[in-house]
Amino acid sequence: LSDRLTSTFKNLRSKGRLSEADIDATIREIRRALLDADVAVPVVRDFAGIVRERALSAEVSGALNPAQQVVKIVNEELVNILGGEHRPLNFAKTGPTVIMLAGLQGAGKTTLAGKLALNLKEQGHTPMLVAADLQRPNAVTQLKVVGERAGVPVYAPHPGNQGEAALPGVSAGDPVSVALAGLETAKTRQHSVIIVDTAGRLGVDQELMEQAADIRDAINPNEILFVIDAMIGQDAVATAQAFNEGVNFTGVVLSKLDGDARGGAALSVARVTGKPILFASTGEKLTDFEVFHPDRMASRILDMGDILTLIEQAEKAFDTQEAERMAQKIQDGKDFTLADFLVQMQQLRNMGSMKKMLGMLPGMGQMREALDNFDEREVNRIEAIIQSMTPAERDNPKIINGSRRSRIAKGSGTTVTEINQLLQRFDAAQKMMRQMNKGGGAGMPGMPGM
Ligand code: GDP
Ligand code: MG
């Protein structure tokens with residue numbers, strides 16, 4: 001995508017307004033990027049519509065070209081749908097917090113149970129795992145192994161496990177009564193959290209869903225986390241919808257984000273269910289577990305390296321008021337002065353901090369070169385020189401003759417040669433500004449490559 005977007009940027013670079021054609025060209029690339037990332041087709045369509053509408057009514061930015069501006073809107077909308085700020089877990093006010101896991105078989109529930117338990121333990125909670133997946137023969141054993149690794153006790157349905165006697169009425173074969181007995185046990189042993197692992201099937205099925213709903217109704221969870229494999233691709237929508245209707249989950253965990261998947265499933269699930277994504281699972285180890293960051297996910301889905309950071313920095317570096325003043329000046333047909341030139345150089349200096357980032361971006365070679373050749377000390381010298389000029393000299397550099405030059409050189413601690421160089425550069429910049437004025441564009445004057 002980066003390459004394609006870079007060429008879109010190039011084509012749109014010199015235009016000052018967001019036209020429908022500009023917007024549609026960029027949105028076409030964005031649609032392709034989202035489909036590449038395996039975002040579900042209807043979600044892509046719907047998303048493109050949202051972005052288009054916003055872009056059409058957007059104010060034209062002084063700092064960004066149209067393509068960058070559309071990308072910025074895309075990113076904001078992505079972050080919006082993915083949940084904005086991270087949403088923390090809901091904890092019970094009294095008694096143990098009940099967290100129930102749901103999802104297809106192989107989604108990563110049992111692995112997540114261990115990761116979450118370890119994470120909570122590290123935060124000072126005293127979690128216990130409850131094995132309510134009685135579907136697969138070795139599911140209970142798997143949870144016990146995970147619990148052992150995390151150093152967290154596991155409540156399992158066999159009397160005699162960890163010494164507990166079967167509670168009255170508990171049948172070892174019934175996940176609902178096992179879950180309930182787990183909750184009761186947690187209360188007596190004063191565990192602050194229980195994580196209830198449940199069964200999954202390869203496809204969504206009614207019996208499984210009813211079982212999950214029954215467990216939910218019995219233990220009344222504070223959180224029902226829907227675990228979904230990030231590699232699921234286009235099936236994400238149907239699966240998420242089925243679980244949303246079946247158990248009405250409260251949050252999502254995206255698993256296997258360590259794979260090749262670009263995470264389009266995250267966008268599909270978030271858009272279709274409106275539920276927040278709380279965590280990401282990123283490997284087979286217990287510590288491969290992260291709080292979900294919508295902004296990071298957005299750039300992963302867009303696969304744009306640091307273009308987004310770059311846009312942010314460009315906006316910061318470019319003082320909007322200055323841009324408006326400059327644009328107005330050009331429109332009024334007034335000339336570009338040495339004072340304006342100084343402002344531009346200072347802005348370029350602010351962008352010097354972007355140098356490192358530019359190195360990581362494809363297609364930004366030209367701009368990187370400009371910044372590489374840019375010397376911060378030079379701006380300091382230019383500042384000193386211009387400050388040593390009289391207002392009349394600043395307004396009209398043509399009057400700066402030989403004796404004025406040596407006066408300015410002395411005043412600024414520079415040499416006449418440096419004054420000559422500056423005046424030459426300024427002259428070239430002024431010509432360029434006049435050229436732009438003729439062309440009618442009031443884009444981003446004097447910023448090479450932007
Ligand atoms: P469950 O059926 O939903 O309980 O899924 P499991 O927790 O048993 O996981 C199924 C398989 O996926 C196991 O082989 C796990 O080791 C693996 N797995 C789970 N989470 C991750 C993850 O985040 N990354 C990777 N690479 N593998 C995972
Ligand atoms: Mg399992």
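## Predicted model: annotated segment, ligand shell and confidence

Over residues 276–289 the chain is 0% helix and 43% strand, with end C-alpha atoms 17 Å apart. Helices (H or I, at least four residues) and strands (E, at least two) are DSSP runs, numbered from the N terminus. An unreviewed UniProt entry annotates residues 276–289 as "domain: SRP54-type proteins GTP-binding". UniProt positions follow the numbering used here, feature names are shortened, and annotations may be inferred rather than shown by experiment.

This is a predicted model: local features need pLDDT of at least 70, side-chain atom pairs count only at pLDDT 80 or more, and totals for chains, interfaces and linings use all residues. Residues are numbered from 1 along each chain as its sequence is written, while chains are lettered from A and ligands numbered from 1 in the order in which they are written.

**Overall fold.** The protein chain has 20 helices and eight strands. Of its 450 residues, 40% are buried (20 or more other C-beta atoms within 10 Å of the residue's own; exposed means 12 or fewer, partly exposed in between; C-beta atoms are placed from the backbone). Of the contacts with a separation of 6 or more, 76% join residues 24 or more positions apart. A contact means C-beta atoms, placed from the backbone, within 7 Å.

**Ligand 1.** The ligand is surrounded by 18 residues, the closest being Gly108, Lys109, Thr110, Thr111 and Ser281. Near means a C-beta atom, placed from the backbone, within 6 Å. Helix H5 (residues 109–122) gives the largest share of this shell, three residues. By class, the shell holds one nonpolar, 12 polar and five charged residues. Ala, Val, Leu, Ile, Met, Phe, Trp, Tyr, Cys and Pro count as nonpolar, Asp, Glu, Lys and Arg as charged, and the others, Gly among them, as polar.

**Helix H4.** 13 of the 17 residues of H4 are buried, so this helix is largely enclosed by the rest of the structure. Just after H4, glycine 83 adopts a positive phi of about 120°.

**Confidence.** pLDDT is the predictor's confidence in each residue, from 0 to 100. Its mean over the protein chain is 81, and 75% of residues reach 70 or more.

Where pLDDT is low, the predicted coordinates should not be read in detail. The model scores ipTM 0.99 and pTM 0.69.

How values were computed:
Contact = placed C-beta atoms within 7 Å.
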